[in-house]
Amino acid sequence: TEAVGLYNIGQTCCLNSLLQVFLMNIHFTRILRRITVPPHAALKMKNVPYQMLLLLEQMQSRKQKAVFPTELASCLSAHRVKLFVQHDAAQLFLTLWNLVKRQMKNPDLVTKLSDLYTICVQEHLACQTCSSETKRNSNMLTLPLPVLDASSHILKTLEDCLRYFFHPEELTGHNMCFCEYCGKKTPFLQSMKLVHLPQTLTIHLKRFCFERSASIHKLSHCLPFPQDLDFNAVLTEQHCQAHDSGKAAWKYELFAVVAHSGTTNSGHYCAYIRSLTECKWYCFNDSTVCQVSWDDVKCTYGHSDLNWGQTAYLLIYMKKHPQ
(Lines give C-alpha, C1' and ligand atoms only; values in the text may rest on other atoms or scores of the structure.)
Protein backbone atom coordinates (compact mmCIF):
# COMPACT_ATOMS: atom_id res chain seq x y z
CA THR A 1 0.00 0.00 0.00
CA GLU A 2 1.14 3.53 -0.73
CA ALA A 3 2.10 5.84 2.12
CA VAL A 4 -0.79 8.02 3.30
CA GLY A 5 -0.60 11.54 4.70
CA LEU A 6 -2.42 13.23 7.58
CA TYR A 7 -4.31 16.47 7.17
CA ASN A 8 -3.23 19.39 9.32
CA ILE A 9 -6.28 20.29 11.43
CA GLY A 10 -4.70 23.33 13.05
CA GLN A 11 -1.00 23.43 13.97
CA THR A 12 -0.82 19.62 14.12
CA CYS A 13 2.31 19.23 11.96
CA CYS A 14 4.30 18.06 15.01
CA LEU A 15 1.64 15.52 16.00
CA ASN A 16 1.28 14.32 12.38
CA SER A 17 5.03 13.80 12.02
CA LEU A 18 5.29 11.78 15.24
CA LEU A 19 2.23 9.68 14.39
CA GLN A 20 3.79 8.76 11.05
CA VAL A 21 7.01 7.71 12.82
CA PHE A 22 5.03 5.51 15.23
CA LEU A 23 2.70 3.97 12.64
CA MET A 24 5.43 3.32 10.04
CA ASN A 25 7.32 1.29 12.66
CA ILE A 26 6.14 -2.28 12.12
CA HIS A 27 7.55 -3.31 15.51
CA PHE A 28 5.27 -0.77 17.18
CA THR A 29 2.19 -1.63 15.10
CA ARG A 30 2.58 -5.34 15.93
CA ILE A 31 2.13 -4.38 19.57
CA LEU A 32 -0.68 -1.92 18.76
CA ARG A 33 -2.69 -4.57 16.90
CA ARG A 34 -2.77 -6.78 20.02
CA ILE A 35 -4.32 -4.24 22.40
CA THR A 36 -7.56 -4.98 24.27
CA VAL A 37 -10.45 -3.07 22.73
CA PRO A 38 -12.25 -0.92 25.34
CA PRO A 39 -15.76 -2.30 26.07
CA HIS A 40 -17.73 0.97 25.91
CA ALA A 41 -17.96 3.83 23.41
CA ALA A 42 -17.00 6.43 26.03
CA LEU A 43 -13.85 4.47 26.94
CA LYS A 44 -12.97 4.02 23.27
CA MET A 45 -13.09 7.78 22.71
CA LYS A 46 -10.55 8.35 25.51
CA ASN A 47 -8.22 5.43 24.78
CA VAL A 48 -5.10 6.66 22.96
CA PRO A 49 -3.75 3.28 21.72
CA TYR A 50 -7.21 2.32 20.44
CA GLN A 51 -7.59 5.63 18.59
CA MET A 52 -4.11 5.19 17.12
CA LEU A 53 -5.12 1.72 15.92
CA LEU A 54 -8.29 3.12 14.32
CA LEU A 55 -6.23 5.78 12.56
CA LEU A 56 -3.76 3.15 11.32
CA GLU A 57 -6.59 1.02 9.90
CA GLN A 58 -8.16 4.10 8.33
CA MET A 59 -4.86 5.00 6.66
CA GLN A 60 -4.42 1.46 5.35
CA SER A 61 -7.97 0.87 4.13
CA ARG A 62 -8.75 4.10 2.30
CA LYS A 63 -7.47 5.18 -1.10
CA GLN A 64 -7.28 8.91 -0.38
CA LYS A 65 -3.91 10.61 -0.30
CA ALA A 66 -4.52 11.65 3.34
CA VAL A 67 -6.91 11.17 6.28
CA PHE A 68 -8.02 13.42 9.14
CA PRO A 69 -6.61 12.57 12.63
CA THR A 70 -9.59 14.33 14.23
CA GLU A 71 -10.75 11.57 16.60
CA LEU A 72 -7.24 10.92 17.90
CA ALA A 73 -6.67 14.64 18.38
CA SER A 74 -9.91 14.89 20.39
CA CYS A 75 -8.79 11.90 22.45
CA LEU A 76 -5.48 13.57 23.22
CA SER A 77 -7.30 16.76 24.16
CA ALA A 78 -9.27 14.79 26.75
CA HIS A 79 -5.90 13.90 28.30
CA ARG A 80 -4.88 17.58 28.50
CA VAL A 81 -2.71 17.58 25.40
CA LYS A 82 -3.24 21.07 24.01
CA LEU A 83 -4.42 21.41 20.41
CA PHE A 84 -3.90 24.32 17.99
CA VAL A 85 -0.59 25.30 19.61
CA GLN A 86 3.03 24.76 18.61
CA HIS A 87 4.54 21.68 20.24
CA ASP A 88 8.09 20.58 20.88
CA ALA A 89 8.54 17.23 19.12
CA ALA A 90 10.73 15.73 21.87
CA GLN A 91 8.21 16.59 24.60
CA LEU A 92 5.21 15.47 22.57
CA PHE A 93 6.93 12.17 21.77
CA LEU A 94 7.32 11.45 25.49
CA THR A 95 3.70 12.46 26.14
CA LEU A 96 2.32 10.18 23.41
CA TRP A 97 4.48 7.23 24.44
CA ASN A 98 3.51 7.50 28.11
CA LEU A 99 -0.20 7.78 27.28
CA VAL A 100 0.00 4.66 25.10
CA LYS A 101 1.87 2.71 27.79
CA ARG A 102 -0.45 3.83 30.61
CA GLN A 103 -3.59 2.76 28.73
CA MET A 104 -2.38 -0.66 27.62
CA LYS A 105 -4.05 -3.19 29.92
CA ASN A 106 -2.00 -6.23 28.88
CA PRO A 107 1.19 -6.44 31.02
CA ASP A 108 2.94 -8.43 28.30
CA LEU A 109 2.33 -5.65 25.77
CA VAL A 110 3.53 -3.01 28.24
CA THR A 111 6.77 -4.97 28.64
CA LYS A 112 7.17 -5.31 24.87
CA LEU A 113 6.58 -1.58 24.39
CA SER A 114 9.15 -0.74 27.05
CA ASP A 115 11.67 -3.15 25.56
CA LEU A 116 11.12 -1.60 22.12
CA TYR A 117 12.01 1.96 23.16
CA THR A 118 13.74 2.08 26.57
CA ILE A 119 17.42 2.99 26.93
CA CYS A 120 19.24 1.99 30.13
CA VAL A 121 22.21 3.96 31.45
CA GLN A 122 24.25 3.80 34.65
CA GLU A 123 25.10 7.05 36.43
CA HIS A 124 28.45 7.14 38.26
CA LEU A 125 29.43 9.68 40.91
CA ALA A 126 32.97 9.30 42.31
CA CYS A 127 34.58 11.39 45.06
CA GLN A 128 38.01 12.57 43.96
CA THR A 129 39.26 12.80 47.58
CA CYS A 130 38.40 9.38 49.05
CA SER A 131 37.54 7.48 45.81
CA SER A 132 34.11 6.40 47.13
CA GLU A 133 31.65 5.82 44.30
CA THR A 134 27.88 5.53 43.89
CA LYS A 135 26.14 3.90 40.94
CA ARG A 136 22.53 4.10 39.86
CA ASN A 137 20.74 2.61 36.87
CA SER A 138 18.10 4.73 35.17
CA ASN A 139 15.91 4.44 32.08
CA MET A 140 15.21 7.01 29.39
CA LEU A 141 13.17 7.10 26.18
CA THR A 142 15.51 9.41 24.27
CA LEU A 143 19.22 10.14 24.28
CA PRO A 144 19.28 13.94 24.76
CA LEU A 145 22.50 14.87 23.00
CA PRO A 146 23.99 18.37 23.32
CA VAL A 147 25.18 19.89 20.04
CA LEU A 148 27.58 22.29 21.83
CA ASP A 149 30.24 21.47 24.41
CA ALA A 150 30.62 23.20 27.81
CA SER A 151 32.61 26.00 26.14
CA SER A 152 29.84 26.54 23.54
CA HIS A 153 32.01 25.09 20.79
CA ILE A 154 30.12 23.31 18.01
CA LEU A 155 30.20 19.51 18.06
CA LYS A 156 30.78 18.64 14.41
CA THR A 157 29.19 15.18 14.02
CA LEU A 158 26.61 12.96 15.70
CA GLU A 159 29.45 10.70 16.85
CA ASP A 160 31.10 13.69 18.55
CA CYS A 161 27.81 14.42 20.35
CA LEU A 162 27.60 10.84 21.60
CA ARG A 163 31.17 10.83 22.89
CA TYR A 164 30.63 14.15 24.65
CA PHE A 165 27.40 12.93 26.28
CA PHE A 166 29.19 9.93 27.83
CA HIS A 167 32.43 11.79 28.63
CA PRO A 168 33.13 12.15 32.40
CA GLU A 169 32.63 15.64 33.86
CA GLU A 170 34.57 17.10 36.79
CA LEU A 171 32.40 18.75 39.45
CA THR A 172 34.56 21.36 41.16
CA GLY A 173 34.15 24.77 42.78
CA HIS A 174 30.47 25.68 43.14
CA ASN A 175 29.51 22.30 41.62
CA MET A 176 31.20 20.17 44.32
CA CYS A 177 29.04 17.53 46.03
CA PHE A 178 28.78 16.53 49.69
CA CYS A 179 30.66 13.30 50.41
CA GLU A 180 29.30 11.26 53.34
CA TYR A 181 32.68 9.61 53.89
CA CYS A 182 34.71 12.84 53.87
CA GLY A 183 32.02 14.74 55.77
CA LYS A 184 32.29 17.79 53.52
CA LYS A 185 31.89 19.01 49.95
CA THR A 186 34.58 17.59 47.68
CA PRO A 187 35.37 17.46 43.95
CA PHE A 188 33.51 14.66 42.17
CA LEU A 189 33.74 12.96 38.80
CA GLN A 190 30.33 12.45 37.20
CA SER A 191 29.89 10.07 34.29
CA MET A 192 27.23 8.15 32.39
CA LYS A 193 27.74 4.63 31.07
CA LEU A 194 25.60 2.87 28.50
CA VAL A 195 24.00 -0.38 29.71
CA HIS A 196 21.29 -1.29 27.20
CA LEU A 197 20.04 -0.07 23.82
CA PRO A 198 16.55 -0.89 22.50
CA GLN A 199 15.28 -2.04 19.11
CA THR A 200 14.08 1.49 18.28
CA LEU A 201 16.52 4.16 19.45
CA THR A 202 15.36 7.79 19.60
CA ILE A 203 18.02 10.50 19.70
CA HIS A 204 17.05 14.05 20.67
CA LEU A 205 19.39 16.70 19.30
CA LYS A 206 19.23 19.59 21.77
CA ARG A 207 19.07 22.35 19.18
CA PHE A 208 16.94 24.67 21.33
CA CYS A 209 18.86 26.35 24.15
CA PHE A 210 18.43 29.25 26.57
CA GLU A 211 20.39 32.43 26.02
CA ARG A 212 21.49 34.78 28.80
CA SER A 213 18.39 36.85 28.12
CA ALA A 214 16.31 33.76 29.06
CA SER A 215 14.95 33.54 25.53
CA ILE A 216 15.12 30.27 23.60
CA HIS A 217 17.53 30.16 20.67
CA LYS A 218 17.67 27.60 17.88
CA LEU A 219 21.05 26.13 16.89
CA SER A 220 20.85 25.49 13.14
CA HIS A 221 24.49 24.66 12.36
CA CYS A 222 25.37 21.67 10.20
CA LEU A 223 25.53 18.38 12.11
CA PRO A 224 25.98 15.31 9.87
CA PHE A 225 24.51 11.99 10.99
CA PRO A 226 25.19 8.58 9.43
CA GLN A 227 22.80 6.07 7.89
CA ASP A 228 24.64 3.31 9.76
CA LEU A 229 25.63 3.78 13.40
CA ASP A 230 27.77 1.27 15.33
CA PHE A 231 28.06 2.23 19.00
CA ASN A 232 31.03 -0.10 19.44
CA ALA A 233 32.97 2.02 16.94
CA VAL A 234 31.91 5.30 18.60
CA LEU A 235 32.17 4.58 22.33
CA THR A 236 35.08 3.09 24.26
CA GLU A 237 35.03 0.57 27.12
CA GLN A 238 34.91 3.36 29.71
CA HIS A 239 31.64 4.61 28.17
CA CYS A 240 29.85 1.26 28.47
CA GLN A 241 28.63 -1.01 31.23
CA ALA A 242 27.37 -4.00 29.27
CA HIS A 243 28.32 -7.56 28.36
CA ASP A 244 30.02 -8.18 25.03
CA SER A 245 27.03 -10.28 23.89
CA GLY A 246 24.72 -7.28 24.31
CA LYS A 247 27.16 -4.82 22.73
CA ALA A 248 27.44 -7.03 19.66
CA ALA A 249 23.89 -5.99 18.75
CA TRP A 250 24.58 -2.24 19.04
CA LYS A 251 24.53 -1.71 15.28
CA TYR A 252 21.83 0.57 13.91
CA GLU A 253 20.38 1.86 10.66
CA LEU A 254 18.59 5.20 10.35
CA PHE A 255 14.82 4.77 10.22
CA ALA A 256 13.40 8.29 10.53
CA VAL A 257 14.22 11.97 10.94
CA VAL A 258 11.79 14.46 12.46
CA ALA A 259 12.90 17.82 11.06
CA HIS A 260 12.06 21.34 12.18
CA SER A 261 12.10 24.42 9.99
CA GLY A 262 11.67 28.01 11.04
CA THR A 263 12.31 29.71 14.37
CA THR A 264 11.40 28.90 17.97
CA ASN A 265 8.32 31.12 17.71
CA SER A 266 7.14 30.14 14.26
CA GLY A 267 8.08 26.78 12.82
CA HIS A 268 6.97 23.64 11.02
CA TYR A 269 7.68 19.90 11.40
CA CYS A 270 7.86 17.12 8.84
CA ALA A 271 9.19 13.57 8.94
CA TYR A 272 11.51 11.63 6.66
CA ILE A 273 10.89 7.90 7.10
CA ARG A 274 12.46 4.85 5.50
CA SER A 275 9.81 2.26 4.76
CA LEU A 276 10.83 -0.99 6.46
CA THR A 277 9.01 -3.03 3.80
CA GLU A 278 10.18 -1.16 0.69
CA CYS A 279 13.48 0.28 2.00
CA LYS A 280 12.58 3.58 0.30
CA TRP A 281 12.69 7.05 1.88
CA TYR A 282 9.51 9.15 2.05
CA CYS A 283 8.89 12.70 3.19
CA PHE A 284 5.69 13.05 5.27
CA ASN A 285 4.68 16.71 5.23
CA ASP A 286 1.15 16.66 6.66
CA SER A 287 -1.17 15.61 3.81
CA THR A 288 1.65 15.53 1.24
CA VAL A 289 3.75 12.37 0.98
CA CYS A 290 6.44 11.88 -1.64
CA GLN A 291 9.35 9.54 -2.23
CA VAL A 292 12.76 11.15 -1.65
CA SER A 293 16.44 10.25 -1.85
CA TRP A 294 19.12 10.05 0.82
CA ASP A 295 20.46 13.36 -0.50
CA ASP A 296 17.10 14.92 0.38
CA VAL A 297 17.36 13.52 3.91
CA LYS A 298 20.90 14.92 4.23
CA CYS A 299 19.44 18.39 3.66
CA THR A 300 18.25 18.19 7.29
CA TYR A 301 21.87 18.26 8.56
CA GLY A 302 21.32 21.99 9.11
CA HIS A 303 22.95 25.22 7.97
CA SER A 304 23.68 28.30 10.07
CA ASP A 305 22.66 30.68 7.28
CA LEU A 306 19.31 29.03 6.61
CA ASN A 307 17.06 29.84 9.56
CA TRP A 308 14.01 28.54 7.70
CA GLY A 309 15.81 25.48 6.39
CA GLN A 310 14.91 22.01 7.67
CA THR A 311 17.03 20.90 10.61
CA ALA A 312 16.99 17.39 12.09
CA TYR A 313 15.61 17.43 15.63
CA LEU A 314 14.80 13.77 16.38
CA LEU A 315 16.75 10.88 14.87
CA ILE A 316 15.20 7.41 15.10
CA TYR A 317 17.52 4.46 14.51
CA MET A 318 16.47 0.84 14.10
CA LYS A 319 18.64 -2.00 15.36
CA LYS A 320 20.13 -4.18 12.64
CA HIS A 321 19.51 -7.91 12.80
CA PRO A 322 22.17 -10.40 11.66
CA GLN A 323 21.32 -11.82 8.29
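**Close-up views of a predicted model**

**View 1. The buried residues of helix 8 are Leu158, Cys161, Leu162 and Phe165.** Helix 8 spans residues 158-165. Buried means under 20% relative accessible area (1.4 Å probe, protein chains only). Helices (H or I, at least four residues) and strands (E, at least two) are DSSP runs, numbered from the N terminus. Down the axis of helix 8, the buried residues fall within an arc of 100°, so they line one face of the helix. The arc is taken over directions from the helix axis to the C-beta atoms. The cover over these residues includes strand 5 (143-146), strand 9 (188-196), strand 10 (200-206), strand 13 (228-230), helix 9 (231-234) and strand 18 (311-319). Contact means heavy atoms within 4.5 Å.

The model is predicted: local features need pLDDT of at least 70, side-chain atom pairs count only at pLDDT 80 or more, and totals for chains, interfaces and linings use all residues. Residues are numbered from 1 along each chain as its sequence is written, and side-chain values use heavy atoms, leaving out hydrogens and water.

**View 2. Helix 6 (residues 89-103) packs with helix 7 (residues 107-117).** Their axes lie 10 Å apart, at an angle of about 155°. That makes helix 6 roughly antiparallel to helix 7 (over 145 degrees). Axes are lines fitted to C-alpha atoms over the stretch in contact, and angles run from 0 to 180 degrees between N-to-C directions. Phe93, Trp97, Val100 and Lys101 in helix 6 meet Val110, Leu113, Ser114 and Tyr117 in helix 7.

Methods
Buried < 20%, exposed > 50% of the residue type's maximum accessible area, 1.4 Å probe, protein only. Parallel < 35°, antiparallel > 145°, perpendicular 65-115°, else oblique.
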